[in-house]
Amino acid sequence: MNNLENLYRQVIMDHYKNPRNKGLKGYDQVHYKNPSCGDDITMEAKVESGVIKEVNHQGVGCSICCSSASVLSELVKGKTVEEALDIINKYYKMLLGEEIEDEEVLEDALVYQGVSKFPARIKCATIAWKALEQLLKGDKDERKF
Ligand code: ZN
């Protein structure tokens, strides 16, 4: 394991063990499940005048799923809905192994780059992001992932 991978692992384990913005407060929510891994996550967001004021999450799952929900909640806070959807799209591209021009907008989410080598884990890394994406697009129905 090289130093960069080690650093990435530390960031993931930190968010897994000390999740930011965990616990729901009753804003608009979307709930997603990934039966193949047992990931089960609810994302909620408080949006005012097109700006994301708060994102919270609650659920159970593997370290990739839970930590990425925490990273996401910090990443999009204070952004407009449009900016957040753009970031979410860039994140999907990164996981598909595609080049992204301004990848620095992904900040801590860059630690999931390596997941692109493990297709089975891509669902884990995107479940919280898909849920938030759906929520930001205004569709609040519960979906299976
Ligand atoms: Zn998982």
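I'll start with H2 and H4, whose axes cross at roughly 35° and come within 8 Å. Keep in mind that this is a predicted model. The crossing of H2 and H4 is right-handed. On the H2 side, the contact uses Ile64, Cys65, Ser68, Ala69, Leu72 and Leu75. H4 contributes Arg121, Cys124, Ala125, Ile127, Ala128, Trp129 and Leu132. Sorted by class, the residues of this contact between H2 and H4 are 11 nonpolar, one polar and one charged.

Next, the other partner of H4. Helix H3, residues 81–95, packs against helix H4, residues 119–136, with the axes 10 Å apart and an angle of about 160°. H3 and H4 are therefore roughly antiparallel to each other; the cut-off for that term is an angle over 145 degrees. H3 passes H4 in a left-handed crossing.

Which residues of H3 meet H4? They are Val81, Ala84, Leu85, Ile87, Ile88, Tyr91, Tyr92 and Leu95. Facing them from H4 are Ile122, Ala125, Thr126, Trp129, Lys130, Leu132, Glu133 and Leu136. This contact of H3 with H4 has 13 nonpolar residues, one polar and two charged. Ala125, Trp129 and Leu132 of H4 are listed in the contact with H2 and also in the contact with H3.

Now H1 and H2. Their axes lie 8 Å apart and the packing angle is about 85°. That angle makes H1 roughly perpendicular to H2. From H1, the residues in contact are Ile12, Met13, His15 and Tyr16; from H2 they are Ser63, Cys66, Ser67, Ser70, Val71 and Glu74. By class, the contact of H1 with H2 divides into five nonpolar, four polar and one charged.

The largest pocket holds about 460 Å³ of space. How many residues line it? The lining has 18 residues, and Arg9, Ile12, Val111, Gly114 and Phe118 are those nearest the centre of the pocket. Helix H1, residues 3–17, and helix H2, residues 63–75, are the elements that give two or more residues to this lining. H1 supplies the largest share, six residues. The lining as a whole comprises 10 nonpolar, four polar and four charged residues.

Conventions
Residues are numbered from 1 along each chain as its sequence is written. This is a predicted model: local features need pLDDT of at least 70, side-chain atom pairs count only at pLDDT 80 or more; totals for chains, interfaces and linings use all residues. Side-chain values use heavy atoms; hydrogens and water are left out. Axes are lines fitted to C-alpha atoms, for helices over the stretch in contact, and angles run from 0 to 180 degrees between N-to-C directions. Helices (H or I, at least four residues) and strands (E, at least two) are DSSP runs, numbered from the N terminus. Angles under 35 degrees count as roughly parallel, over 145 as roughly antiparallel, 65 to 115 as roughly perpendicular and the rest as oblique. A crossing is left-handed if the near helix is turned anticlockwise from the far one by less than a right angle, and right-handed if clockwise. Contact means heavy atoms within 4.5 Å. Ala, Val, Leu, Ile, Met, Phe, Trp, Tyr, Cys and Pro count as nonpolar, Asp, Glu, Lys and Arg as charged, and the others, Gly among them, as polar. On a 1 Å grid over the protein atoms alone, a cavity is a set of points where a 1.4 Å probe fits but cannot get out, and a pocket is an open set with protein on both sides within 12 Å along at least five of seven lines; lining residues have an atom within 4 Å of a point. Grid points are joined across faces, edges and corners, and a volume is the space filled by probe spheres set on the points.
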